[in-house]
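Thanks for coming, everyone. Let me put the structure up, and then we will walk through it.

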Amino acid sequence: MAILLEKDTTVLVQGITGREGSARAAFMKGYGTKVVAGVTPGRGGEEISGIPVYNTVEEAVRTQGRIDASVTFVPGPGLKDAVFEAIDGGIKFIVMPVERVPLYDILEMMAYAKLKGVRLLGPGSIGAISPGIAVMGWLGGTPEFAKRVFVPGPVGVISRSGGQSGTVPWAIKEAGLGVTTVVHIGTEPVLGQSFGDILPLFQADEDTKAVAIFGEIGGPYEEEAAEAVRKKEFTKPLVVFVAGAWAPEGMRFSHASSIIERGKGSAKDKIKSLKEAGVHVVDRPDEIGPTLKRLLNA
Amino acid sequence: MARLYEYQGKQLLKAGKVPIPQGEVATTPQEAGKIAGKIGKPVAVKAQIWAGGRGKAGGIKFASNPQEAEKVAGDLLGSTLKDLKVEKVLIEEKLDIDKEYYVGVIIDASREVRAPIVMFSTEGGVDIESVPPEKIAQTTVDVLRGFRLYDALNLAVQLKVPNQHLTSIAQAIMGLFQTFKAYNCRTAEINPLVLTKEGKILAGDCRMAIDDSSVFRHPELGIEVAREASTPPTELDKIAWQIEEGDLRGTCYIAQMAPEIKELNYVGYHGIGGGGAILGVDALNRQGLKIANYADTSGNPTAAKVYRAAKLIINQPGIEGYMLGGFIVANQEQWHHAHGVVKALREEIPKRPGFPCVILLCGNREKESMEILKEGTSDLPGRFEFYGSDKVYETEFLAKRMKALILEYRKDRGITG
């Protein structure tokens with residue numbers, strides 16, 4: 001078992017003929033993901049890595065039947081249209097590995113997805129991976145690298161950093177454990193999924209026995225993880241690390257979401273809120289693996 | 001830079017049909033005097049800086065005639081307020097204030113909302129954080145439906161704004177929201193929104209920040225560096241931005257933290273990956289070291305881009321060491337980083353013998369990348385230590401090594417401390 005993507009999840013790649021889209025589609029398929037179709041206007045009828053290309057999402061869905069999820073390899077300014085098209089095509093889960101998306105576009109996507117009951121991951125999410133099952137996005141990069149870094153096991157991982165979405169599972173592997181699903185929630189200022197949205201999914205997943213979170217300064221995400229624990233939407237062991245203890249206010253640290261604004265979002269406040277909820281907050285990243293091991297008695 | 005000065009924000013408000021005081025921006029005292037003459041009544045001379053509490057810091061002065069305006073503008077221009085240099089002043093008609101309101105639009109990223117929120121308060125002119133909640137009316141905007149004039153009216157009605165001012169206040173709220181949307185703001189605020197004794201509603205001050213990712217839609221704003229920061233871009237920031245804009249393969253994010261280093265303990269910091277890069281900074285800080293700059297080269301940049309970043313970082317005067325903080329088991333092609341960093345080190349280290357470099361690089365083809373780094377620096381006179389993925393989360397250890405090498409380097413130079 002895993003969350004968000006399972007063995008039979010059918011996946012569409014929007015922007016499949018682009019440099020990123022074609023390379024990542026081949027990676028996803030090579031890892032075992034059921035990539036059933038791709039879309040690029042004007043390129044219908046072609047094939048990319050054996051995946052049929054359609055002109056529109058509607059055409060892809062009409063020909064392929066049900067498609068569960070889409071990954072959008074579309075430049076930021078064009079993302080809104082791609083997401084609206086996927087939602088109108090009846091797709092219920094959309095992964096957006098795209099950065100530098102105009103903010104008001106993101107807000108419109110969020111509103112439309114909420115209206116239609118669609119789950120958005122990102123923008124700026126490099127994706128999600130369930131080891132040995134499937135990957136959406138480009139988490140792992142190549143099938144070989146993905147197999148080396150992500151091994152199956154009892155820990156769910158959620159991260160605000162794309163790079164740390166690979167590094168935390170690596171540290172978990174070094175501790176002799178493995179992962180069920182790894183989710184990168186993205187880097188843009190407003191995100192479709194918060195830690196608070198993902199934790200209940202891990203709660204419902206029998207194979208996930210504990211969760212590790214890599215947090216950062218800025219935004220409401222760590223506080224929402226604490227809230228999910230307080231409300232008992234998540235009751236399994238939770239280990240959290242928050243990066244940026246040193247960070248001054250008002251400056252952005254690479255990620256558009258990593259900024260302390262109006263005195264809110266500091267590492268100190270986040271750690272306090274998590275500790276009050278009873279979460280295991282570690283001070284240093286090298287404590288994530290050993291702490292999980294201790295909590296799982298593994 | 002995505003933050004706007006008051007005078008820029010007010011021009012956008014004016015285009016959005018929010019009334020603003022009569023006024024113009026000046027860069028010299030003579031200009032200021034001339035503008036005051038044109039206005040023909042007592043004026044306010046306002047320093048244009050990105051900082052709150054400007055009035056208390058002495059950044060707003062009044063003048064009753066053009067000669068006086070010229071004098072106070074001369075006092076303000078070139079002075080330093082809240083660590084920021086004043087390069088422009090806004091000369092505006094002095095308002096005869098009856099009451100001050102507040103209007104603001106922010107974006108709430110929390111999971112229940114994920115939408116803009118429009119706020120209105122009858123307690124303007126102070127920091128909105130200090131206003132009690134019952135004095136603030138707010139509404140969440142459904143962006144698919146839009147924000148309507150009656151939404152704005154409802155905010156004003158809720159706080160019992162007298163009938164004669166309702167429409168003009170609602171129109172100002174509406175105008176701010178429309179400006180916020182049209183210019184893709186991350187935040188927009190009119191504080192205070194002034195009711196004059198003559199019964200007019202005007203934007204007394206305004207703060208706006210444009211979303212970095214939307215700056216490309218507004219070339220007319222002339223924003224040099226589309227990045228949020230609390231200070232205007234330094235020369236190094238501008239060069240780094242050119243590296244980024246000129247080559248879209250991968251990210252090169254550099255922000256200068258200490259433009260003029262006058263003390264010890266500064267490190268040129270070269271992180272990899274947004275989250276990972278911060279890890280090293282936290283650890284260096286715990287060892288009493290400071291970063292001269294923050295940097296992140298990730299997303300598989302070319303060797304040329306990494307080289308330019310590394311060279312820029314090492315070249316900062318006054319730094320005592322260089323750290324490549326690759327706290328990430330990365331799937332990006334790490335040999336590009338190895339090649340880029342080696343080229344920069346080969347050019348820079350011979351100029352500074354004994355210079356400490358702690359280099360952490362992990363992930364894709366780590367062994368080969370490490371060989372490139374070691375071989376490429378073997379004949380250089382620096383102090384090098386190289387680490388791979390078995391140390392990826394050993395942040396404290398690496399920061400301690402940086403500190404130890406810096407202390408040795410100080411001995412070389414006969415510096416104690």
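In chain A, the centres of domain 1 and domain 2 are 27 Å apart, taken over C-alpha atoms. Domain 1 of chain A covers 10-121, and domain 2 covers 151-296. Those bounds come from an automatic or database domain assignment.

A word on ground rules. This is a predicted model, where local features need pLDDT of at least 70, side-chain atom pairs count only at pLDDT 80 or more, and totals for chains, interfaces and linings use all residues. Residues are numbered from 1 along each chain as its sequence is written, while chains are lettered from A and ligands numbered from 1 in the order in which they are written.

Contact here means that the C-beta atoms of two residues, placed from the backbone, lie within 7 Å. Helices (H or I, at least four residues) and strands (E, at least two) are DSSP runs, numbered from the N terminus.

Now the sheet in chain A. It is an open sheet of 7 strands with mixed pairing, in the order β3-β4-β2-β1-β5-β6-β7. At the edges stand β3 (47-48) and β7 (119-121) of chain A, each with a single partner strand, so one side of each has no neighbour in the sheet. Two strands pair if DSSP finds at least two bridges between them. One pair is β2 (residues 34-39) and β4 (residues 51-54) of chain A, parallel over 2 bridges. There, A:G38 stands opposite A:V53 in β4(A). Helix α2 (residues 57-64) of chain A packs on the sheet and touches β1 (10-14), β2 and β4 of chain A. The direction of α2(A) makes about 140° with that of β2(A).

Next, a helix pair. Two packed helices are described by the angle between their axes and the distance between the axes. In chain A, α3 (residues 79-88) and α4 (residues 103-116) pack at about 5°, with axes 9 Å apart. That makes α3(A) roughly parallel to α4(A). The cut-offs: under 35 degrees is roughly parallel, over 145 roughly antiparallel, 65 to 115 roughly perpendicular, and the rest oblique. Axes are lines fitted to C-alpha atoms, for helices over the stretch in contact, and angles run from 0 to 180 degrees between N-to-C directions. Who meets whom? From α3(A) come A:L79, A:K80, A:V83, A:F84 and A:I87. From α4(A) come A:D105, A:E108, A:M109, A:Y112, A:A113 and A:K116. The residues of this contact divide into 7 nonpolar, no polar and 4 charged.

On to chain B. Chain B has 11 helices and 20 strands. Its C-alpha atoms fill a box of roughly 80 × 50 × 35 Å along the principal axes. Of the 417 residues in chain B, 50% are buried. Buried means 20 or more other C-beta atoms within 10 Å of the residue's own, exposed means 12 or fewer, and partly exposed lies in between, with C-beta atoms placed from the backbone.

How does chain B meet chain A? In this contact, 48 residues of chain B touch 56 residues of chain A. Helix α7(B) gives the most to the chain B side, with 9 residues. That side has 19 nonpolar, 14 polar and 15 charged residues.

Two strands of chain B to finish. Strand β11 (residues 185-196) of chain B pairs with β13(B) in the antiparallel sense over 5 bridges. Within that pair, B:C185 has B:I210 as its bridge partner.

Then β15 (residues 266-271) of chain B. Here 6 of the 6 residues are buried, so β15(B) is largely enclosed by the rest of the structure. Strand β15(B) pairs with β16 (residues 290-291) of chain B in the parallel sense over 2 bridges. B:Y266 stands opposite B:K290 in β16(B).

Note on methods
Nonpolar A, V, L, I, M, F, W, Y, C, P; charged D, E, K, R; others polar.
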